[in-house]
Amino acid sequence: MLRPAHLCKNLLRIECKCAASAFKAARRISVLVPARVVRPQNLHSTRNCARDMSSGPRMGKEELLSQFQSARTPQVRERVFGALVSQEKKLDTAEYTLMLYTAQAKEEPQLAVRVFEEAMKNVKPSSMILNSGISALGMVGRPQEALDAFEAFESYAPRDLNTYINTIVALSTSRELQHAHKALEILTDIEARGLTPEIEAYHGALQACKTHALWKEAIAILSEMEDNGIEIDTTAMSLSLSSCAHGKKENGKSAAAALMFSSMESKGLVQDEAAYEPLILSLELEGSDEAEMRAFDYFNEMQKRGLVWTVPIYNCMMRLLAKMRLFDAGQDLFVKMETTGLKPDSGTYSAFFQCCKRRGEFDKVEEALEEAKEAGIEVSADMLESYIESAAVNQRKNKALEMLNQVQSEYGRRPKMSSYIHCLKACGYEKDWQSASDLYKQILTSNAEGSDITVDFFNEAIYALGRGGQIELAESILEDMKKRNVDTNVDTYNNLIIASGEVREKEKERKKREKQRKERKRKKGEKEKERRKRKERKKGEKEKERRERERKERKRKKGREKREKKG
């Protein structure tokens with residue numbers, strides 16, 4: 001009879017053509033390899049097996065492999081793996097493959113990555129080890145290492161279809177745009193190698209398109225699927241729609257989302273909440289009045305069909321109501337959402353803050369922010385940016401500037417341009433031209449190209465500097481606008497007129513203050529002169545009295561002397 005380790009090797013040497021058969025092989029091994037047979041008095045529980053490895057007799061490699069498969073917790077399996085690695089008798093390719101598939105079958109990707117890294121150090125990896133390693137690296141969020149393994153794959157074994165699929169999936173959720181482009185490139189390379197892509201490869205590529213809002217590429221992938229005779233399923237359509245729901249505003253993005261949504265019915269796909277959500281978000285992203293009205297039509301259509309609004313749909317609805325200045329309706333929707341059982345997220349609170357942009361409602365924003373913190377909701381940069389705008393509208397300049405700095409220091413990103421515009425407006429209200437000047441210089445320094453600097457930013461800077469009486473600085477902004485090819489508008493010149501008026505008012509105020517100062521000085525001088533006169537007069541009177549006393553004293557003395565001579 002074969003020993004367990006030999007049985008592992010023989011089973012895993014079978015060439016598996018897909019990931020499913022590989023997992024089946026791992027499960028067969030898990031069933032066929034028996035646990036170590038011991039006497040009842042030496043029987044150990046899984047909980048104590050790791051302790052027994054260090055305190056009791058040293059287990060052999062076959063026994064440790066059995067314990068690795070039968071361990072009930074990830075912590076025990078980790079310690080068993082450490083014991084296996086420290087064995088003098090080195091593990092071979094089949095044994096590493098067994099542990100790798102066991103870790104994946106138990107849904108322990110971190111352990112799978114450890115096994116993969118040890119295998120790469122100690123044995124020549126097989127295609128199954130490499131494929132499983134790429135998959136595990138993707139699961140733990142290490143796409144670059146998965147890509148490195150893909151690049152080095154052919155130096156160990158020929159790539160198969162699973163190699164391409166696992167690499168695409170590993171790259172699909174990466175926040176790096178270059179990884180998304182690489183995933184699409186690998187998808188194209190599948191056909192160039194004479195292989196037929198499977199649906200999982202397209203799903204991974206579409207996930208990359210969703211992550212980076214590559215909606216044009218997503219449409220091309222859907223066309224390629226149809227050309228290759230692969231049926232477009234709900235997942236593929238949902239991912240394609242989601243690629244239109246965020247990112248930058250682009251012409252045709254919402255129209256593409258509407259076209260994909262309308263094609264779902266002809267393809268036999270259900271138009272559920274997951275389909276409506278990205279469609280509505282794409283219309284919000286377009287930003288036109290017509291697109292927003294169409295978004296409201298879809299809101300109503302969902303209600304008629306009995307579909308439940310999702311949290312992102314509630315958030316979108318509140319943002320649109322805030323943009324239409326229907327603040328009460330947006331706040332009511334926030335309250336209604338809590339009664340439906342849905343849990344607000346950071347986007348919900350950010351949208352609610354936007355519905356509190358009226359004077360006197362900043363207390364609601366501060367209360368909601370504390371409520372979110374108590375609920376364990378992570379304060380996002382978007383929440384703080386909405387907080388900034390509400391603070392600025394309510395003339396809480398110091399609060400707005402404080403949060404502006406917090407977004408930069410804690411989140412390592414520059415706040416949205418609208419946040420700077422609102423802060424400049426708050427500085428204008430309080431005639432704080434120094435803070436406005438610092439904000440203006442900060443933006444120009446951090447964005448030399450000025451690609452996202454709008455005319456509204458320059459207008460508010462002119463307004464804030466003008467309100468502070470800095471007409472020369474306000475006029476110099478016109479030169480900056482010309483350098484960045486930003487066209488002036490009516491508000492630009494209105495704010496310059498305001499700035500000129502502020503300068504005139506400031507000059508009038510200065511002259512008035514100067515006149516008042518001179519008047520005060522004159523009155524003070526007159527008072528001082530009168531005081532001196534009184535002092536001199538009083539002094540003269542005292543001197544006169546003194547002289548009179550001296551005269552009388554001399555007269556008395558003279559009279560005494562005469563009387564003394566006569567006597």
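# Salt bridges and packed helices

A quick word on what you're looking at. This is a predicted model, where local features need pLDDT of at least 70, side-chain atom pairs count only at pLDDT 80 or more, and totals for chains, interfaces and linings use all residues. Residues are numbered from 1 along each chain as its sequence is written, and side-chain values use heavy atoms, with hydrogens and water left out.

Now the overall picture. The protein chain has 28 helices and zero strands; both are DSSP runs numbered from the N terminus, with helices being H or I of at least four residues and strands E of at least two. Of the 567 residues in the chain, 46% are buried. Take contacts, meaning heavy atoms within 4.5 Å: among those between residues at least 6 apart in sequence, 65% join residues at least 24 apart.

Back to Asp 189. What does its side chain meet? It forms a salt bridge with Arg 193, at 3.9 Å from N to O. A salt bridge here is a side-chain nitrogen of Lys or Arg within 4 Å of a carboxyl oxygen of Asp or Glu. Side chains of opposite charge can pair when their charged atoms come close. Arg 193 is partly exposed too, at 41% relative accessibility.

How many salt bridges does the rule give? The count comes to 28. Another one joins Glu 145 and Arg 142, with the closest N and O atoms 2.6 Å apart. Glu 145 is partly exposed at 35%, and Arg 142 is partly exposed at 24%. There's also a network of salt bridges linking Glu 543, Arg 546, Arg 547 and Glu 550.

Then look at Glu 389 and Lys 357, whose closest N and O atoms are 2.7 Å apart in a salt bridge. This pair links distant parts of the chain, 32 residues apart: Glu 389 is in helix α22 (residues 381-393), while Lys 357 is in the loop between α20 (346-354) and α21 (362-374). Buried or exposed? Glu 389 is buried at 6%, and Lys 357 is buried at 18%.

The axes of α21 and α22 come within 10 Å and cross at roughly 160 degrees. Axes are lines fitted to C-alpha atoms, for helices over the stretch in contact, and angles run from 0 to 180 degrees between N-to-C directions. So α21 and α22 are roughly antiparallel, the word for angles over 145 degrees. Residues making the contact include Phe 362 and Leu 369 of α21, and Met 383 and Tyr 387 of α22.

Last pair: helix α24 (residues 417-429) and helix α25 (residues 433-446) pack at about 160 degrees, with their axes 9 Å apart. That makes α24 roughly antiparallel to α25. Among the residues in contact are Tyr 420 and Leu 424 of α24, and Leu 439 and Ile 443 of α25. By class, this contact has eight nonpolar, two polar and no charged residues. Nonpolar covers Ala, Val, Leu, Ile, Met, Phe, Trp, Tyr, Cys and Pro; charged covers Asp, Glu, Lys and Arg; the others, Gly among them, are polar.

Technical notes
Buried < 20%, exposed > 50% of the residue type's maximum accessible area, 1.4 Å probe, protein only. Parallel < 35°, antiparallel > 145°, perpendicular 65-115°, else oblique.
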